[in-house]
Every structure is written in C-alpha cells, then in structure tokens.
Amino acid sequence: MESISLPGTLPEPLQRVHLAHFSQLDPDTQSAGIIRRIIAASQLPTSTDTGASELEVQQADEERARLDFAFLDPTKLCSRQHVLTAVTQAAVVCARSWDADAKRFREGEGSIGGMKSKTPHSEVIYMLNPGNNVGESLKRFGLSPKSTSLLLVKFSSSDADPDQILKAMTEVVGPNLTLPSTQAEESVDLDQAIRFGRYLPPGATAQPVTDWKELNKIYKLQIDAKLLASADTQSWHQRCEDIICTSVAMKLVAA
C-alpha cells in the first residue's frame, strides 16, 4: 500500500490518501462477492424513519463504513498518475461540499461546484470518466464481476494509522489475495502494479494489463487499430497517458 499526504488546507478527512493493489482475485468468490456486499449495504436502513431500530441503523452504518473505499478495476487505469489526478480533482470538489460544523460532506452539490456523487470515494471514480453520468463512471471504472485485480483508494485524516487501513482493506477483499510480502514500503511500486496487474520482483518483465482498446474508446484517443495490436508500445503509451491525465485534470474546467 502507498500512503500519500495531501495539502493540509483540505478538510481533515481528505488530508491523506491510501492506495493498495490486490491481484489474483477470484471473480466468483471475491470480485462478485464484494459487489453483492456493496449493493446489500446500500439497501440497509439509513434512519429509523423506515421502521428500523436504532441498533439496525447503527449496524448498517458500520457496514457501510467498512466498505467506504473507491473500488477500481486496474485494467481501466494506465498509470499511478492517472489515479492520482482523479484523487486530486475529487479532493478539490469534495472540499467545497464539506460542512465544517456538521463534520460531513453535503451531497448533490454538483451544480454549484461541489460533489456530484454521494461520497469522496465515488467522486474519485466519477472524476476518471470524461462524461457526467455517475452510473456510467461506476460501470466503466469500478470493480466488475469479472475483475481479477483491484485497486482500493481510501481518503483519511493525516493521523490515521495506515496499518489499520490496510487491515480494513484486506478484510474486505478476503482470502487468497496477493500483496508484496517482504518488500520495504519504499520499494513497493504501485505504478508497476497498475500497469502489469501485480507487483513484480526485481528484474522481472510482464505484459501490460491496461485495456487500451477500452481507454481508446472512453477517452476518444483515436489510436489506430494497428498500433493497438502492435508490440511496440513505447512510441505511443506515454503520449496517450499524458492525454488521459490531462483529460481527467481538465474535467472541472470542461464542466
């Protein structure tokens, strides 16, 4: 996992972000299971007005808190910078929706420059999508029932314990996950994991897992089909990554 400090001028819950890559997921027991759990949590009671007891509402809130991450499909990401650009944009937008007195984020303030979605983590996914449809963003960049890897993103306060956050992440993903087991924290290359689907030992090589055909369509990159099929990626990958990151960075301006 990589933990990154964000500007101290942001609201307290947005002053740090944590990113962890999990590989070799079983789609049926893990990816699809996580999605079912997220859907079930969204249907749990949010207040006693629906007839639920205070205990049931409390338990529902606890379950939603356990799932309070951005769940991303790494094959729809081209680099670490791609993700961090969306994280930065989401933090800026969510800061506008922060209610300092109530210590919460106000939802549905997209029309006045605030949050378009319900949480800072869903806002990260929304920022990755060049369009303005939240549901489309989740479909394109969120975890799918067929995903074999997962990138989790978590905002926190500056004094949050990264070990506890990683523990919470692994409890959600479940058994049989792959993390760098013996590498020092500073040697963990998240960019490598995103590009190749896993953390590679020193000197190892692998084929990129980024779905460039899908990104070509989503971001309207106009990459020639022959180039997409070519083994020579050095001539165009970096250029297209720059275009994608610029597109994400410009979303607020374009909107």
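Okay, so before anything else: a residue is called buried when its relative accessible area is under 20%, exposed when it is over 50%, and partly exposed in between, using a 1.4 Å probe and protein chains only. Cys-240, at a relative accessible area of 6%, is buried, and Cys-78 counts as buried too, at 1% relative accessibility.

A word on what we're looking at. This is a predicted model, where local features need pLDDT of at least 70, side-chain atom pairs count only at pLDDT 80 or more, and totals for chains, interfaces and linings use all residues. Residues are numbered from 1 along each chain as its sequence is written, and side-chain values use heavy atoms, with hydrogens and water left out.

What is the disulfide count? For Cys-78, the nearest cysteine sulfur belongs to Cys-245, 5.2 Å away. For Cys-240, the nearest is that of Cys-78, at 8.8 Å.

Now the whole fold. We've got 11 helices and six strands, taken as DSSP runs numbered from the N terminus (helices are H or I, at least four residues; strands are E, at least two). The radius of gyration is 19 Å, close to the 18 Å from the globule rule for 255 residues, so the protein is as compact as a globular protein of that length. That radius is taken over C-alpha atoms, and the rule is 2.2 Å times the number of residues to the power 0.38. The C-alpha trace spans about 60 × 40 × 35 Å along its principal axes. And of the 255 residues, 44% count as buried.

Notes. Disulfide = S-S within 2.5 Å.
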